[in-house]
Amino acid sequence: MPSIIITGAGSGIGRATAHAFMDAGWDVGLVGRREAPLAETAGDSGALVLPCDVTNEAEVAAAFGKASQHWGHLDALFNNAGVSLKGAPLDELDVSEIRTLIDVNVMGAFIAAREAFGIMRKQTPQGGRIINNGSISAQMPRWGSAAYTASKHAVTGLTRTVSLDGRAFNIACGQIDVGNALTDMAQAMTQGVPQADGSMAVEPVMDVKNVASSVLHMASLPLDANVQFMTVMASAMPYIGRG
């Protein structure tokens, strides 16, 4: 059966996506910093629990290596782990917090993609698929989100380049940009969040299962087809004309 590693699998989009792949019969590897939430995601499914810090290349190599050795093949990576900061004007953002965010959202995505790329390039049959979680902020900024938006624009650059570099090795790469999926991280949307005009407004949200089913669709395509970019969002959220 096909196999996938999902980073940030202990909660939110990662957990919902892991459950969608488990239900579809995939072998699933769960990556995150803390073992207990990963075990909760896994339940009695038989999914591999692979605790590691995505910013630590040695830990990522060990976790991914364990999964590929166990399955004999790695078919897909959902590069999903990420963090955000509370919205604020640029000069009010703490530089140490910005560095942490960039380390997780950019270097973590890069390290995981790099490890998966190496496995997929060397395995037989050669190839696989990498799906990066870009976020709506990879396209349009939200007020006070300079660090997060910059990090997600960097993910888009990673997606484009991996897609190009992967052609020679039958490695496809695409990106899903998610807007207002209802997870713990998005609970604030239901209470009211700052808008570009200075007001506070409740924003529409969607069921996170819509994201999970979209990632499953992307991953289930044959390797001669690819969803390069997909935007999945709450239909009425601020996006078209955002700001």
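Student: Where does tryptophan 26 sit?
Tutor: Tryptophan 26 is in the loop between H1 and E2. Keep in mind that this is a predicted model.
Student: Is tryptophan 26 buried or exposed?
Tutor: Tryptophan 26 counts as buried, because its relative accessibility is 11% and the cut-off for buried is under 20%.
Student: Which residues is tryptophan 26 in contact with?
Tutor: Leaving out neighbours within four places in sequence, its contacts include Met1, Pro2, Ile4, Phe21, Ala76 and Leu216. Isoleucine 4 is 22 residues away from tryptophan 26 in sequence, and the two C-alpha atoms are 7.2 Å apart in space.
Student: OK, new topic. How many residues are in the largest nonpolar core?
Tutor: That core has 36 residues, and the ones with the most contacts inside it are Phe21, Val28, Leu30 and Ile176.
Student: And which elements give two or more residues to this core?
Tutor: Among them are strand E1 (3-7), helix H1 (12-23), strand E2 (27-32), helix H2 (35-42) and helix H6 (209-220). Another core, of 28 residues, lies apart from it, and its members include Leu48, Cys52, Trp71 and Leu74.
Student: What does valine 28 touch?
Tutor: Beyond four places in sequence, valine 28 touches Ile4, Ile6, Ala18, Phe21, Met22, Ala47, Leu48 and Trp71.
Student: Which element is aspartate 177 in, and what does it touch?
Tutor: Aspartate 177 is in strand E6, residues 171-179. Not counting residues up to four places away, it touches Gly134, Ser135, Ile136, Ala138, Gln139, Met230, Thr231 and Val232.
Student: What about valine 211, where is that?
Tutor: Valine 211 is in helix H6, and it is buried, with a relative accessible area of 0%. Its C-alpha is 9.3 Å from that of aspartate 177, although they are 34 residues apart along the chain. Valine 211 touches Ile13, Ile176, Val178, Ala181 and Met206, with residues up to four places away left out.
Student: How many salt bridges does a search of the whole structure find?
Tutor: It finds 2. In one of them, glutamate 40 pairs with arginine 15, with the closest N and O atoms 3.4 Å apart. Glutamate 40 is in helix H2 and arginine 15 is in helix H1, so this pair ties together parts that are 25 residues apart in sequence.
Student: Is glutamate 40 buried or exposed?
Tutor: Glutamate 40 counts as exposed, at 57% relative accessibility.
Student: And what does arginine 142 form a salt bridge with?
Tutor: With glutamate 203, and there the closest N and O atoms are 2.8 Å apart. Arginine 142 is in the loop between E5 and H5, and glutamate 203 is in the loop between E9 and E10, so the pair ties together parts that are 61 residues apart in sequence. Arginine 142 counts as partly exposed at 22% relative accessibility, while glutamate 203 is buried at 4%.
Student: One more residue: where is asparagine 80, and which side chain does it have a polar contact with?
Tutor: Asparagine 80 is in the loop between E4 and helix H4, and its side chain has a polar contact of 2.9 Å with the side chain of asparagine 133. Asparagine 80 is also buried, with a relative accessible area of 10%.
Student: Last thing, zooming out. How many helices and strands are there?
Tutor: The protein chain has 6 helices and 11 strands, and buried residues make up 51% of its 243 residues.

Key
Residues numbered from 1 in each chain as written. Predicted model: local features only at pLDDT ≥ 70, side-chain atom pairs only at ≥ 80, totals over all residues. Heavy atoms only, no water. Helix = DSSP H or I, 4+ residues; strand = E, 2+ residues; numbered from the N terminus. Contact = heavy atoms within 4.5 Å. Core = buried A, V, L, I, M, F, W, Y, C linked by side-chain atoms within 4.5 Å. Buried < 20%, exposed > 50% of the residue type's maximum accessible area, 1.4 Å probe, protein only. Salt bridge = Lys/Arg side-chain N within 4 Å of Asp/Glu carboxyl O. Polar contact = N/O pair within 3.5 Å; in protein donor to acceptor, adjacent residues only side chain to side chain.
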